[in-house]
Amino acid sequence: MPCSNFSCNKRNQYFNFLCSVKAFLIMTSALYLEHYLDSLEHLPIELQRNFTLMRDLDTRAQAVMRNIDQMADEFMTNLKSMSSEKKKEKMSEIQQQYNKAKEYGDDKVQLAIQTYELVDKHIRRLDSDLARFESEIHDKVLTTTRTQEEQIATKRGRKKTKEKEKKKKAASSEEDTAVKAAAKRKKKTIGSGGASARQTKEEESPGLGTEVLDMPVDPNEPTYCLCHQVSYGEMIGCDNPDCPIEWFHFACVGLTTKPKGKWFCPKCTADRKKK
């Protein structure tokens, strides 16, 4: 019967629905999972009740149809020997049986529609929750990507600044070396002259060397480390991107060689332990 096929389709839809729920449970967060499972708690019981009622109505309708067939056979067999009143009575009984079968069929269709709407309601909610969850995941990915790009840009800026500082220091060191070399050449030149000239130039040369060694530090040059001095010698950077100091002299933090893996300065290490 058509209603029986309709019931089979509902069972298939329910199976597909449960498969969709399983996929949803894998993807969704704990909050969505908890709320959705609460809404599904009574769904299997309601569906089982509707399927049981539909099967019972189907059994009754089939019994009525068999009774109608039997009554129709008897009517056709005894048609010639029946009076007109008997014919009307038999026709009325058959009509009542048809009406009863129709009522059973209508009730079964209503139950099937109710079952369909019940499952469809949960499917619509599942689609809505999935769309909301995907939107949240998309926003989270965009936020994470934007944050990472900002961090990379900040690190690149710091790297460029440090490279410029190193170049300035290298240029300053070359200038100091050139000045010292010039002073030495002047000493040698003076040494080939007279004793008085040698004495005069030797007095001037130390003054020049002292002036070079005592050159004031550029006030605009950045300072680092716990000692708040400019960059010199071997230095190590703190792996905390939010470290206020960033770079440290090996000697100031008790290092002789570069450590393996990530390294955190004493201040950041203390802050991490507090957390």
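Student: Leaving aside neighbours within four places in sequence, which residues is N50 in contact with?

Tutor: N50 is in contact with L111, Q114 and T115 once its neighbours within four places in sequence are left aside. Please keep in mind that this is a predicted model.

Student: Where does N50 lie, and is it buried or exposed?

Tutor: N50 lies in helix α3. Its relative accessibility is 1%, so N50 counts as buried, the cut-off being under 20%.

Student: What else is buried in α3?

Tutor: Besides N50, the buried residues of α3 are L43, L47, F51, M54, L57, D58, A61, V64, I68, M71 and F75.

Student: Why would residues three or four places apart point the same way?

Tutor: An α-helix has 3.6 residues a turn, so residues at that spacing point the same way.

Student: How many residues does α3 have, and how far does it reach?

Tutor: Helix α3 covers residues 43–77, which is 35 residues. From its first C-alpha to its last it reaches 51 Å, close to the 51 Å expected at 1.5 Å a residue.

Student: Now the largest nonpolar core. Which of its residues touch the most other members?

Tutor: That core has 19 residues, and L43, L47, M54, V64, I94 and Y104 touch the most other members. The elements giving two or more residues to this core are α3 and α4, the latter covering 84–191. The largest share, 10 residues, comes from α3.

Student: And what does Y104 touch?

Tutor: Not counting residues up to four places away in sequence, Y104 touches L57, R60, A61 and V64.

Student: Changing topic: what does UniProt list as "binding site"?

Tutor: The unreviewed UniProt entry lists C238, C243, C265 and C268 under "binding site". These span 31 residues in sequence, yet no two of their C-alpha atoms are more than 8.3 Å apart, so they gather at one spot. Under "binding site", the unreviewed entry also lists C225, C227, H249 and C252. Those span 28 residues in sequence, with no two of their C-alpha atoms more than 8.7 Å apart, so they too gather at one spot.

Student: Where is C243, and what does it touch?

Tutor: C243 is in the loop between β1 (235–237) and β2 (247–249). Not counting residues up to four places away in sequence, C243 touches C238, F248, C265 and C268. It counts as buried, at 4% relative accessibility.

Student: What about C268?

Tutor: C268 has its place in helix α6, residues 266–274. C268 is buried, with a relative accessible area of 4%. Residues up to four places away in sequence not being counted, C268 touches C238, N240 and C243.

Student: How many disulfides does a search of the whole structure find?

Tutor: The search finds 0 disulfides. For C243, the closest cysteine sulfur is in C268 at 3.7 Å, too far for a bond. C238 itself counts as buried, at 12% relative accessibility.

Student: Back to the other listed group. Is C225 buried or exposed?

Tutor: C225 is buried, with a relative accessible area of 1%. It lies in the loop between α5 (195–213) and β1. Leaving aside its neighbours within four places in sequence, C225 is in contact with I245, W247, F248, H249 and C252.

Student: And where is C252?

Tutor: C252 is in the loop between β2 and α6. At 34% relative accessibility, C252 counts as partly exposed. With neighbours within four places in sequence left aside, C252 is in contact with C225, L226 and C227.

Student: Lastly, the whole chain: how many helices and strands?

Tutor: The chain has 6 helices and 2 strands, in the pattern α-α-α-α-α-β-β-α along the sequence. Of its 275 residues, 23% count as buried. The chain exposes about 20200 Å², and carbon and sulfur atoms supply 54% of that area.

Student: What share of the contacts join residues at least 24 apart?

Tutor: Among contacts between residues at least 6 apart in sequence, 59% join residues at least 24 apart.

Terms used
Residues are numbered from 1 along each chain as its sequence is written. This is a predicted model: local features need pLDDT of at least 70, side-chain atom pairs count only at pLDDT 80 or more; totals for chains, interfaces and linings use all residues. Side-chain values use heavy atoms; hydrogens and water are left out. Helices (H or I, at least four residues) and strands (E, at least two) are DSSP runs, numbered from the N terminus. The expected span of a helix is 1.5 Å times one less than its number of residues. Buried means under 20% relative accessible area, exposed over 50%, partly exposed in between (1.4 Å probe, protein chains only). A nonpolar core is a set of buried Ala, Val, Leu, Ile, Met, Phe, Trp, Tyr and Cys residues joined through side-chain atoms within 4.5 Å. Contact means heavy atoms within 4.5 Å. UniProt positions are given in the numbering used here, feature names are shortened, and annotations may be inferred rather than shown by experiment. A disulfide is a pair of cysteine sulfur atoms within 2.5 Å. Accessible areas come from the Shrake-Rupley method with a 1.4 Å probe; for residues, only the protein chains shown count as cover.
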